[in-house]
Amino acid sequence: MLATNKTTIVEMVGIWRQSVTLCSRLSGRSFSRMSTKDAMRNAYRSRRVLFSPQSRPFSTTLPMFNERKPEEKKVEEDLDALVTGKKRPMADPELIEEESVVFKVAKPKRRNPLGFFNVAGMLIFAGGLAMLINYKRRVQRAVDAHKEERESESFGKALIGGPFQLIDQNGGIFTQENLKGKFSLIYFGFTLCPDICPEELDKMAIIVKNLKKQGIDVQPIFISCDPIRDTPPVVKKYLEDFDIEGIVGLTGSYSDVEACCKAYRVYFSTPPDVTAEDDYIVDHSIFFYLMDPEGEFVNVFGRRYDAQGASEEIAKKIKKWVPAKDRRESSFQKPSFWKFWE
Amino acid sequence: MEKLHPPEREDTQVVTRLEREKCWIARDKYFACLDKNRIMSVANQDSSVCANERSDVDSLCRQSWVDYFIQRRERNLQIDAMKRFRTQQAYDELEAREAASKEELRNKFVKR
């Protein structure tokens, strides 16, 4: 007679219990021994009474709650059908709502796992935070680079370089004025060097070639630290072994070479009283000096630079170079907050 | 009084690229022989060891170069040995310190 699946049994039990309490409350008597049918009928009826439109909030203001009249007949029919078991209780939305309130069938409400927060907001926040951190980092980097540039600008100009007067491999005079008009790469060595000078001169050849490929013209200069043995023809013959385009080999008297080495802060150990026939090794510092078209010092490259590294560095310096009159104190470029890729 | 070079001197003392490379090859052979015999300091040894290679070097290279090469090799070997020694020392020290701290820790928890 009654539908026997689980939910309806629960419903029925609930309805039974509800009906008992309701009827007892309404009539003031206890009905513990009511029949199920009567109890159910009472329950539905009383519920209808209790939750009728009139007892609902805003029922007088909202007319839609008042439109019950055509249904009332149907309700009675349905009630009978339910009670007798001909009809299963339909899922009346209003009833279900009420039942969930009355029966407290605890279906856990599905909660948003994030709770108060939402994904889009969190993403925007994280993105903003990342941009802020990146900006701070970029500003710090820019400040450090600017500081370094300022420091390097003030040093180096006066310390290295100066006037000198030497003779090139063809016998012509070469002074610091001949440095003007183009960039120069100067190497100090001597022709009877066992292995270091040849290695450095080969490096110089590669550097000059690399820079030529980039369209940069650099004048390679070899200055001898051994004036006693390195005469212009000796220097000329020596340099023929190296495939360096446009190289200038300089030498001169002992005092002139000494003065030049002093101006360029080059250490060399040739004693003044040796003769050309003596066999000795000259101890000297191993550097390339880059000079600009105004004859001023730009940068020095030691042995830790290989040919590729040195040519890259030189190209960088040359591209960045600005003549003295156009030179302004480098201003600090504040990085843009939005262009985070720079 | 400063010494001026004679302006008409010929290029008699120039060492060409080829000569240089021959010298280097002989030098490398000589040094390989020395390494095989585990000789660091040539001055203290008798000249019978690696004599052939040495004579090649002496004939192909200038004397100042030979002395320079040998001195440089010895200096570099000494530096390497010192580096190795120092790293080994540091490592031993570290190990000793670690062992000491472990002992200390162990002694703390030993039931007396």
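The model is predicted. Searching the whole structure turns up 2 disulfides over all chains. One joins B:C23 to B:C61, and the other pairs B:C33 with B:C50.

**The setting: chain B**

- Reading from the N terminus, its elements go α-α-α.
- Of the 112 residues in chain B, 24% are buried.
- Take the contacts in chain B between residues at least 6 apart in sequence: 67% of them join residues at least 24 apart.
- The chain exposes about 8,700 Å², with carbon and sulfur atoms supplying 53% of that area.

**B:C23 to B:C61**

- The S to S distance here is 1.9 Å, which puts the pair inside the 2.5 Å cut-off for a disulfide.
- The torsion about this S-S bond is about 115 degrees, so the disulfide is right-handed.
- This pair links distant parts of the chain: B:C23 sits in helix α1 (residues 17-36), while B:C61 is in the loop between α2 (51-60) and α3 (63-108), 38 residues apart.
- Both B:C23 and B:C61 are buried.

**B:C33 to B:C50**

- In this disulfide, the sulfur atoms of B:C33 and B:C50 are 1.8 Å apart.
- The torsion about the S-S bond is about -90 degrees, so this one is left-handed.
- B:C33 belongs to helix α1 of chain B and B:C50 to the loop between α1 and α2, so the bond ties together parts 17 residues apart in sequence.
- B:C33 has a relative accessible area of 11%, so it counts as buried under the 20% limit.
- B:C50 is buried as well, at 7% relative accessible area.

**How the pairing reads**

- Number the bonded cysteines of chain B in sequence order and you get the pattern 1-4, 2-3.

**Cysteines in chain A**

- A:C261 is in no disulfide; the nearest cysteine sulfur belongs to A:C225 and is 4.4 Å away.
- A:C261 is buried, with a relative accessible area of 1%.
- A:C197 is also a buried cysteine, and its relative accessible area is 0%.

Conventions. Residues are numbered from 1 along each chain as its sequence is written. Chains are lettered from A and ligands numbered from 1 in the order in which they are written. This is a predicted model: local features need pLDDT of at least 70, side-chain atom pairs count only at pLDDT 80 or more; totals for chains, interfaces and linings use all residues. Side-chain values use heavy atoms; hydrogens and water are left out. Helices (H or I, at least four residues) and strands (E, at least two) are DSSP runs, numbered from the N terminus. Buried means under 20% relative accessible area, exposed over 50%, partly exposed in between (1.4 Å probe, protein chains only). Contact means heavy atoms within 4.5 Å. Accessible areas come from the Shrake-Rupley method with a 1.4 Å probe; for residues, only the protein chains shown count as cover.
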